[in-house]
Amino acid sequence: MADVTLPSLGESVTEGIITQWFKKVGDAVARDEPLFEVSTDKVDSEMPSPAAGVLTQILAEEGDTVQTGARVAVIDESGVAAVANDSPAGGAATEAPSAAPTSPTASAPRAEVTVNTGATGVVVSPVVRRILMDGGVEASTVTGTGAGGAITRRDAERAVAQGPTEEVVLALSNGQRRMGQHMSVSVLSAPHGFAAVEVDARVLDDVDALGRETADGFAITDESVITIAAVRALAEFEFLNATFADDQLTLHRTISVGFTRHVDEDGMLVPVVHAAAGLTLRALARRTAELDDRLASRQLNADDLMGGTFTVASATTAHTLWTEPIIIQPEVAVLSIGAVRQVPVVVVRDGVAVVEVGRRVILGLSFDHRVCDIAAAAKYLERVGELLAGLDVASER
Amino acid sequence: MTVANEVQKFDVVIIGGGPGGYAAALYGAAAGLNIALIERDKVGGTCLHRGCVPAKEFLETAHVRRTLEHSADFGISTTGVKVDFAVSQARKNEIVDRLYKGVSGLLKGRKVTIFAGTARLDANQIVTVLDGADAGVVAEGTNVIIAAGSIPRTLPGFEVDAKYVLTSDEFLDLDKLPATAAVIGGGAIGCEFASMLADMGTKVTILEGLPSILAGCDSEVATVVQRAFKKRGIEIQTGVKITGHTPGKKGTAVNMEGAEDVNVEMVVLSVGRSPRTQGLLGEGTGVEINDRGFVVADGYMRTSNPHVFAVGDVVAGTPQLAHVAFAEAVVTIKTIIGEAVVPVDYDRVPWAIYSNPEVAFCGLTEAAAKERGYEVVVKKDPFGGNSRAQIIGDTEGVVKIIAEKRADGSAGQILGVHMAGPWVTEQLGAGYFAVNWEATAEEAAALIQPHPSLSETFGETLLALAGRGIHVG
């Protein structure tokens with residue numbers, strides 16, 4: 001028998017809410033196969049199974065808040081698909097003492113059965129579905145009067161008679177809610193300033209010529225190339241690699257860079273590459289690739305999302321000029337990287353101004369106006385441009 | 001495997017292994033629940049061993065005989081047709097046994113723990129096996145499902161002796177059929193028995209206390225059956241008040257108030273089924289039982305104790321049908337594991353009576369629709385004009401559809417589909433969908449029925465209901 005415990009979710013995180021079990025009691029599970037999902041105030045993560053075998057007990061129900069280290073399930077590694085005879089509830093009460101979940105555990109079947117009555121959006125008949133569709137009415141906006149809240153033909157016809165759905169109320173996902181809370185706090189607490197500078201991005205011609213892969217096989221993105229320059233420029237602009245809280249500016253010796261990442265229908269996450277100051281392009285490319293892998297497999301933990309001192313927000317489409325990102329609190333600045341574009345540029349050849357094809361990128365900086373101003377921001381961005389132009393891609397990749 | 005008095009814990013303990021109980025066990029086990037099922041006799045319950053399944057085998061025997069009797073119509077002569085009912089009885093037992101083994105195998109395959117014996121539910125979801133091979137076993141369920149089923153009701157003055165007076169339990173064990181019989185109770189079970197007996201050559205009298213047989217059916221459908229029965233020599237006396245019976249040398253006389261005795265070899269009681277709840281509940285279970293002994297449950301099959309559910313014949317106010325029990329079992333398990341579920345809509349479950357002619361229906365009867373305040377549009381189509389019905393030589397019957405009348409007088413949503421006639425139990429599906437999907441006459445009429453088929457009669461009725469028929473006005 002192997003105990004499944006709630007692993008550490010990050011240094012400052014002591015508990016999480018079990019939001020979903022991917023396996024049920026009696027299911028076979030492979031080692032490292034996603035077993036359950038846990039939600040913290042930072043992120044929703046899928047937890048891999050620590051062992052291969054058969055899930056014999058689930059000790060923490062969906063919705064339970066569980067302390068890290070607490071037993072949440074038991075896996076029978078002998079691989080026999082027999083289900084434990086003793087009730088999970090009983091087992092948890094006696095065997096998970098100090099590290100017990102904060103709410104009482106329950107067995108797989110829910111102790112108190114709650115049932116929705118007068119639910120919205122329950123469609124059981126294809127005929128009703130078509131009436132709603134033809135009438136332009138979203139099922140989720142209709143309260144059913146049938147058994148179990150089912151929308152009857154009469155309900156549907158009444159709803160259609162009232163006209164097509166103008167508004168649909170959507171519940172926010174956990175991620176969207178977390179993003180919203182953070183952004184609201186940031187906008188309300190920090191007066192945002194913004195500056196943008198167009199810089200030469202010809203160095204990316206070198207990247208393209210040498211290949212978009214590091215020596216150890218990780219993808220080299222525009223973002224990582226420009227971030228290298230941005231991180232190095234921070235050495236000269238210490239007040240931008242800082243946190244501001246309680247009227248106090250704290251400069252950080254280490255540079256930990258967060259990268260904004262969109263999560264489909266779940267808001268935005270900002271995974272952090274810690275201690276990035278000394279990284280070469282190759283190392284940064286590897287570190288961001290690792291974070292992105294964990295993001296894709298929902299394996300990011302709270303530590304991955306904490307401790308940032310500066311943030312980079314990259315263009316996600318080919319024609320984005322710049323964005324005006326909101327500062328990730330309690331940091332003081334966030335760099336916006338526009339799309340790297342081929343543009344006509346004026347150069348002087350033999351005393352004559354001519355138009356050539358060049359590569360440019362607009363860098364922007366959202367900054368906390370209590371700490372920085374437009375002049376300083378523009379100066380920083382110009383410096384990033386210089387360092388970018390001088391980057392020795394050949395030796396760093 | 002059991003140690004006396006040691007409490008064995010399960011996610012769900014199910015009392016009774018009939019359709020409701022075994023369906024809950026299989027469906028629950030498929031959902032990963034650890035399940036114990038306690039059965040006093042054999043899994044499969046009344047339906048498989050003493051109800052639907054054996055009765056249908058006998059009715060099929062009657063069908064074969066009827067076919068042979070009419071074979072000359074097809075130019076196939078059969079002489080010396082002999083009936084050895086014991087062979088049919090043995091065949092029935094074989095079928096039942098095969099199905100029994102099937103259910104047992106499924107339960108074993110899903111690792112359901114089966115205890116043999118009669119169960120009693122006590123407080124805190126503790127279930128004790130009182131007798132049988134596993135007497136003394138104590139099982140505790142996080143949740144308990146009562147699926148204890150029902151037993152045939154009897155009448156005062158009619159001691160069941162398996163000789164003169166039989167219920168369905170005894171009737172289905174007969175090796176030899178009587179020359180004369182009285183069937184007391186003209187409901188679904190009574191009509192099936194009467195039909196079968198008549199087709200097998202028994203002189204049958206149906207005695208019904210209500211004004212007509214098949215009281216729950218639409219009256220026009222009941223009339224079709226009544227007419228067909230009378231044509232086959234079944235005597236039907238309705239509105240009777242039976243007082244008892246007087247056994248004689250070669251049979252017994254059924255006594256009635258204000259009517260002549262009916263002298264028969266055998267009396268078959270089919271006057272409904274009582275819940276098997278006597279002795280089922282100990283102290284402090286918190287489970288409410290109504291004055292007729294049925295367990296009270298809500299649409300999610302929850303009793304007044306939130307950890308105790310009830311399914312099947314034992315539930316108050318719901319149709320005593322195996323397929324309803326199956327559906328209730330699914331509702332129960334989904335409720336237990338917290339999945340979204342829509343309760344069974346009891347007004348719209350399918351009904352099937354396997355008499356000759358068969359009856360099948362779903363939704364409201366014309367009378368019930370009017371009682372509920374609907375203005376209705378009704379269309380009927382007899383099977384007489386149906387090509388397939390003529391080919392199989394079985395044209396007796398009708399399809400009747402009841403729809404809500406719209407303000408302009410046209411037929412709107414279909415409220416009920418009622419059928420009597422050849423193979424209607426197999427034809428009801430389309431009507432069942434129409435009623436439960438809340439289709440209108442036009443919506444359902446736009447769909448095609450194959451030709452030639454018995455189901456065209458349903459299609460024709462829909463077309464007529466939608467305003468204009470092809471063959472029917």
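Hi everyone, let me start with one residue pair: B:Thr252 has B:Val264, in β14(B), as its bridge partner. Before going on, a word on the model: it is predicted, so local features need pLDDT of at least 70, side-chain atom pairs count only at pLDDT 80 or more, and totals for chains, interfaces and linings use all residues. Residues are numbered from 1 along each chain as its sequence is written, while chains are lettered from A and ligands numbered from 1 in the order in which they are written.

Back to our pair. Strand β13 of chain B, residues 252–256, runs antiparallel to β14(B), and four bridges join them. Strands here are DSSP E runs of at least two residues, helices are H or I runs of at least four, and both are numbered from the N terminus; two strands pair if DSSP finds at least two bridges between them. These two belong to an open, antiparallel sheet of three strands in chain B, ordered β12-β13-β14. Which strands are at the edge? They are β12 (242–247) and β14 (259–264) of chain B, each pairing on one side only.

Now let's zoom out. Chain B has 13 helices and 22 strands. Of its 473 residues, 50% count as buried, meaning 20 or more other C-beta atoms within 10 Å of the residue's own, with C-beta atoms placed from the backbone. Taking contacts in chain B between residues at least 6 apart in sequence, 63% join residues at least 24 apart; a contact is two C-beta atoms, placed from the backbone, within 7 Å.

Next, a helix pair. Helix α3 (residues 52–69) and helix α6 (residues 188–199), both of chain B, pack at about 35° with axes 9 Å apart. The axes are lines fitted to C-alpha atoms over the stretch in contact, and angles run from 0 to 180 degrees between N-to-C directions. On the α3(B) side the contact includes B:Phe58, B:Leu59 and B:Arg65, and α6(B) brings B:Glu192, B:Met196 and B:Asp199.

How many of its ten residues are buried? Ten of the ten, so to speak a mostly covered helix. Among them are B:Phe458, B:Leu462 and B:Leu465. What do these buried residues pack against? Their partners in chain B are strands β20 (376–382), β21 (398–405) and β22 (411–421), along with helices α11 (424–436) and α12 (441–445). After α13(B) comes B:Gly467, with a positive phi near 125°.

Terms used:
Buried ≥ 20, exposed ≤ 12 C-beta atoms within 10 Å, placed from the backbone.
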